[in-house]
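Student: Please show me the model and take me through its annotated positions.

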Amino acid sequence: MELNEVIITKAIIDRFYAKLKDNLETDVAIVGGGPSGLVAGYYLAKAGKKVALFERKLSIGGGMWGGGMMFNEIVVQEAAVHIFDEFGVRYQKYEDNYYTSDSVETTASLTAKAVQAGLTIFNCMTAEDVMMRPDRVIGLVLNWSPVEMAGLHIDPLAMRSNFVIDATGHDTNVVRVVHKKVPGKLDTPDGKVEGEKSMWSDKAETLTLDNTKEVFPGLYVAGMAANATFGGPRMGPIFGGMLLSGEKVAKDLLTRL
């Protein structure tokens with residue numbers, strides 16, 4: 001049978017818009033498709049919650065793909081190895097408390113398992129704003145990332161969610177939007193985005209987990225966004241804290257949904 005380009009086009013359009021319409025109201029919306037966002041989405045979806053993840057880039061996985069300085073290996077500490085087991089990621093012990101894995105396999109496994117668990121991922125979409133009613137985040141304002149990059153004046157669309165997770169890493173995009181709209185209202189020591197400090201892996205791994213919490217009604221932070229929001233240091237290519245942060249925020253939200 002001859003392939004018909006119009007039918008191919010219709011199939012993509014029909015299936016995509018069905019997926020988009022089905023996710024205009026969710027239990028949780030995750031912004032950022034790095035390790036913490038993917039892990040959070042996996043555990044939430046596995047528990048039967050409706051979860052959508054919005055990633056501004058074409059690729060999913062954040063900084064994990066490149067390992068350390070494009071050496072595509074990553075390190076996790078022993079406390080996070082159970083997450084590798086959960087996702088079927090192969091790993092090796094290097095020294096006491098240091099385990100390594102191939103960053104490509106790890107990222108691909110996190111993505112595939114999360115989607116198979118029920119997480120819906122939209123790439124090339126950016127959350128340019130949030131919806132608030134009145135002192136609570138209730139959803140996201142979305143646009144195509146190329147629209148943002150080109151500086152085009154095109155109105156966005158909106159989706160509603162019971163909770164939003166900012167997993168945008170160093171940029172803390174969603175938290176910064178909220179701080180701009182309601183200055184001084186974040187649940188941080190000074191009511192503002194503190195910004196990340198210089199590298200201190202040991203301290204950063206602990207604080208990544210400690211700082212994974214609700215910072216404004218309806219808005220949680222996870223992963224590097226948690227550290228940057230509260231002024232913690234960066235950790236470099238050790239990813240245990242990121243994985244554990246995703247697991248923690250999912251567990252916290254499951255008690256509220």
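**Arg234 and the other annotated sites**

Tutor: Arg234 touches (heavy atoms within 4.5 Å) His170, Glu196, Lys197, Ser198, Met199, Trp200, Ser201, Ala204 and Met224, leaving out residues up to four places away in sequence. This is a predicted model, where local features need pLDDT of at least 70, side-chain atom pairs count only at pLDDT 80 or more, and totals for chains, interfaces and linings use all residues. Residues are numbered from 1 along each chain as its sequence is written, and side-chain values use heavy atoms, without hydrogens and water.

Student: Is Arg234 buried or exposed, or partly exposed?

Tutor: Buried means under 20% relative accessible area, exposed over 50%, and partly exposed in between (1.4 Å probe, protein chains only). Arg234 has 35% relative accessibility, so the class is partly exposed.

Student: Where is His153 found?

Tutor: UniProt, in an unreviewed entry, lists His153 under "binding site"; such annotations may be inferred rather than shown by experiment. His153 is exposed, because its relative accessible area is 83%. Helices (H or I, at least four residues) and strands (E, at least two) are DSSP runs, numbered from the N terminus. His153 is in the loop between α5 (145-150) and β9 (157-166).

Student: Which residues is Arg56 in contact with, leaving aside neighbours within four places in sequence?

Tutor: Arg56 lies in the loop between β2 (51-55) and β3 (73-76). Arg56 is partly exposed, because its relative accessible area is 30%. Beyond those neighbours, the contacts of Arg56 are Cys124, Met125, Thr126, Ser145, Glu148, Asp171 and Asn173.
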